[in-house]
Amino acid sequence: MRRNYLNPNPVNNLYRDALHGRLTRRQIMKRGTALGLSSALMGTILRAESLGAQGTPEGRELGWSIPSAEELQDELQLSTDFAGVTFNYMGGADSPTTAFDDAIFTRFNEITGANATRVQGAQSTTDRLQFLLQTFAAQAGDIDAADIDVIWPGILASHAVDLSDSVPEGDFFEAIMQNNTTSDKLVGIPMFTDAGLLYSRTDLLEEYGFDGPPETWDELEEMAQAIMEGEAADTPQFTGFVWQGNAYEGLTCDALEWQYSHGGGQIIDPETLEVTLNSEQAIAAFERAKGWVGTISPQAVTGYMEEDARAVWQGGNSAFMRNWPYAYSLGQSEGSVIQDKFTVGQLPTGDGETHAATLGGWQAFVSQYSQNQDAAKEFCRFMCSAPVQKARAIEVALLPTIGSLYQDPDVLAAQPYYELLFDVFAGGAVPRPSTQAADLYNEVSITYFTGVNQILTGADAASTTESMAAEIEDIMSDL
Ligand code: GLC
């Protein structure tokens, strides 16, 4: 049984465009009318426009910390055999930090004479995978290389070139190397790792008399409620907690954190391969999150992806946010209204002892259908090299996959929390069941995030969890 993933719905897209200031009020009204939206929903979308604020990363131009061409060439000895060769590398969606990626491409081209070209990927990782799978199914060489998600090596292995001879120098995290290795190849070189974090507004915690960020989900709820009530007088749109509730891979990450931190374990037991999702703890965790929607979190959170949550947070309009480390440097950027007013730490526990951060991260991958494999491999070696990872950590807060960089004084000066959370980043995060489900992982995840999104938008938690578990068992029986 194979299921196809369909694009997120147009209402979410409209909401997102409004939130990110891409549309005028008139355009919003026009699209909303065409979609037949209720006036309540239209009101929510129009208000979204005033919630967002895009932070620009730094006063200085991005790429400032990347070493010079000479220094890099001294250290990496990149091949100049590819001068004049053009190839396409698909990265992420355009964002306030895109200029940093562009600077890396420019530096590589300057050193090697090649023409590595950045292709923009979809914001939703679920959509990006769909696009790559279609491209590879046609054996098309248009995308020579790409960033691939930590959950994709099993899905993309058959389309990959072995990268084991392109790994740059460095003490790469062993668990991620293993994750990216299938029986016969290294499918991706670890470029940066990721872990879910709780962002908290320290100025507001203090103002409302709390000692520090919440340890438990109960505390988070209490604090979010109190701060929201207090802020409502001056800032009616102020909300307590923003996160990723849209039906896409990001919700799999958030929901796994809720489940695990309530003592509900993982979706599939990594040892026995049993589907362990249908537990009282998981159901209680989903019930709790459902209770946030429309109370301490906006109703529209069930359509949010990372950048939607960040826009609200960065606009100074929420007390807490669940997000990945990338949001840190943006929040701290020049002119940001929340600069020096927040901290990051572990997400709260639900059972009194278990904290959970879902393991994320991206790898550099080369397609078997590329006509420019050697040039693309050299580019991957460059992208994942220690000096480039160091610059990426300093400027855009993406977590290195090379252990020694966590002791680098420049990195720690820019990202002081790396030291505190090192254990989480260096192997303490909770993986999604991508190794267990291998090429069926995407189906497992779609079942999970679709079910959880249904619960968040009103479905019964117990019966929905039971049917999700049954469906995942059915998928896994195809293995
Ligand atoms: C981040 C993570 C990635 C995850 C995605 C979900 O990009 O690094 O692993 O799948 O978020 O939205």
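Reader: Is Trp217 buried or exposed, and what is its relative accessible area?

Author: This is a predicted model, in which local features need pLDDT of at least 70, side-chain atom pairs count only at pLDDT 80 or more, and totals for chains, interfaces and linings use all residues. Residues are numbered from 1 along each chain as its sequence is written, and side-chain values use heavy atoms, with hydrogens and water left out. Buried means under 20% relative accessible area, exposed over 50% and partly exposed in between (1.4 Å probe, protein chains only). Trp217 is buried, and its relative accessible area is 1%.

Reader: How many aromatic pairs does the structure hold?

Author: Rings of Phe, Tyr and Trp (its six-membered ring) pair if their centres lie within 6.5 Å; planes under 30 degrees apart count as stacked, over 60 as edge-to-face and the rest as tilted. The number of aromatic pairs in the structure is 29.

Reader: What kind of pair do Phe136 and Phe365 form?

Author: Both Phe136 and Phe365 are buried. Their rings are 5.6 Å apart centre to centre, with 35° between the planes, and the aromatic pair is tilted.

Reader: Why is the pair of Trp217 and Trp292 tilted?

Author: Trp292 counts as buried, at 2% relative accessibility. The ring centres of Trp217 and Trp292 lie 5.2 Å apart, and the pair is tilted because the planes stand at 40°.

Reader: Over which ring does the charged end of Arg322 sit?

Author: A charge sits over a ring if NZ of Lys or CZ of Arg is within 6 Å of the ring centre and within 35 degrees of the ring normal. At 4.3 Å from the ring centre, the charged end of Arg322 sits over the ring of Trp324.
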